[in-house]
Amino acid sequence: MLTTLNTSYTDTRAADLAWALGREPLPALATLDLELSAAKLELRLLGASHQVLLEEEQGSCSETVACIPGSSTPLPLGVAKRIGDWEYEFAARVEVLSPGRFAGRAQELLALVSEHPHGLAGVFPGSPHAFTALLAHRSDGQVHWRTWHAYPQDGQLVATRTRVGVRVRTGDPGLSVSASAHGV
């Protein structure tokens, strides 16, 4: 789903992005509710970037990547955390592209996400290449999502990747193995 966001572009630099887990739902400009097997997922476009809310039988998880006033947690390159019975993994990278490559990559990503049934993209006013996009899927009992935050004025594209899944327990009660050890 592709939408035009009727708001000012508030997170205007990749360096302004912060990451947080466990925040309450923030006001959203656009949302997409998904059911991926037993998982309920809400993709949320904020004026300041994105938030994903996940609910399953095992619990809930909230990820926010946005301009968060007063946040002391900048966007990390990677995070691996245990949240109850879940393993949470997050990775981010910033690509710097020439204007021509940026425009081409922006068009490619917007087409991919807007045509996907589990995708949500929002274009900010003022530039067709200023956007935030989210794409989710479920695989091997885990929920995955990717996001892209575009900053055309600096030629920067921030890409994130998240995986949340239940830890797989073996026969030894003292030993548990993440599902990622099984080729996920």
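This report walks through the predicted model shown above, from its overall make-up to a few individual residues.

## Ground rules and confidence

This is a predicted model, in which local features need pLDDT of at least 70 and side-chain atom pairs count only at pLDDT 80 or more, while totals for chains, interfaces and linings use all residues. Residues are numbered from 1 along each chain as its sequence is written, and side-chain values use heavy atoms, with hydrogens and water left out.

The average pLDDT (the predictor's confidence in each residue, from 0 to 100) is 84 for the chain, and 87% of the residues score at least 70. Please take some care with residues 170-184, where the pLDDT is below 50; this stretch has 22 contacts in the model beyond near neighbours in sequence. Contact here means heavy atoms within 4.5 Å.

## The chain as a whole

The chain holds 1 helix and 14 strands. These are DSSP runs, numbered from the N terminus: H or I over at least four residues for helices, E over at least two for strands. Of the 184 residues, 47% are buried. Buried means under 20% relative accessible area, exposed means over 50%, and partly exposed lies in between, using a 1.4 Å probe and protein chains only.

The accessible surface comes to about 8,900 Å², with 51% of it belonging to carbon and sulfur atoms; the areas come from the Shrake-Rupley method with a 1.4 Å probe, and for residues only the protein chains shown count as cover. Among contacts between residues at least 6 apart in sequence, 56% join residues at least 24 apart.

Two strands pair if DSSP finds at least two bridges between them.

Strand 8 (residues 86-96) pairs with strand 12 (residues 156-166) in the antiparallel sense over 11 bridges, and Tyr 88 stands opposite Val 164 in strand 12. Strand 7 and strand 8 also run antiparallel, joined by 6 bridges. Gly 78 has Ala 91 in strand 8 as its bridge partner. The hairpin of strand 7 and strand 8 has 2 residues between the strands, and there Gly 84 takes a positive phi near 60°.

## Loops with a positive phi

Most residues other than glycine have a negative phi. Ser 37, in the loop between strand 3 (30-36) and strand 4 (39-46), has a positive phi of about 60° although it is not a glycine. Asp 140 also has a positive phi, of about 50°, and is not a glycine; its loop connects strand 10 and strand 11. Ser 37 is exposed at a relative accessible area of 63%, and Asp 140 is exposed at 60%.

## Residues worth a look

Leaving aside neighbours within four places in sequence, His 129 is in contact with Phe 102, Ala 103, Ala 106, Gln 107, Ala 150 and Pro 152.

Arg 13 lies in the loop between strand 1 and strand 2 (18-21) and, at 43% relative accessibility, counts as partly exposed. Not counting residues up to four places away, Arg 13 touches Tyr 151, Gln 153 and Asp 154. Val 96, in strand 8, is exposed at 60% relative accessibility. With the same exclusion of residues up to four places away in sequence, Val 96 touches Asp 154, Gly 155 and Gln 156.

## Cysteines

How many disulfides does a search of the whole structure find? The count is 0, taking a disulfide as a pair of cysteine sulfur atoms within 2.5 Å. Cys 61 is buried, with a relative accessible area of 6%, whereas Cys 67 is partly exposed at 23%.
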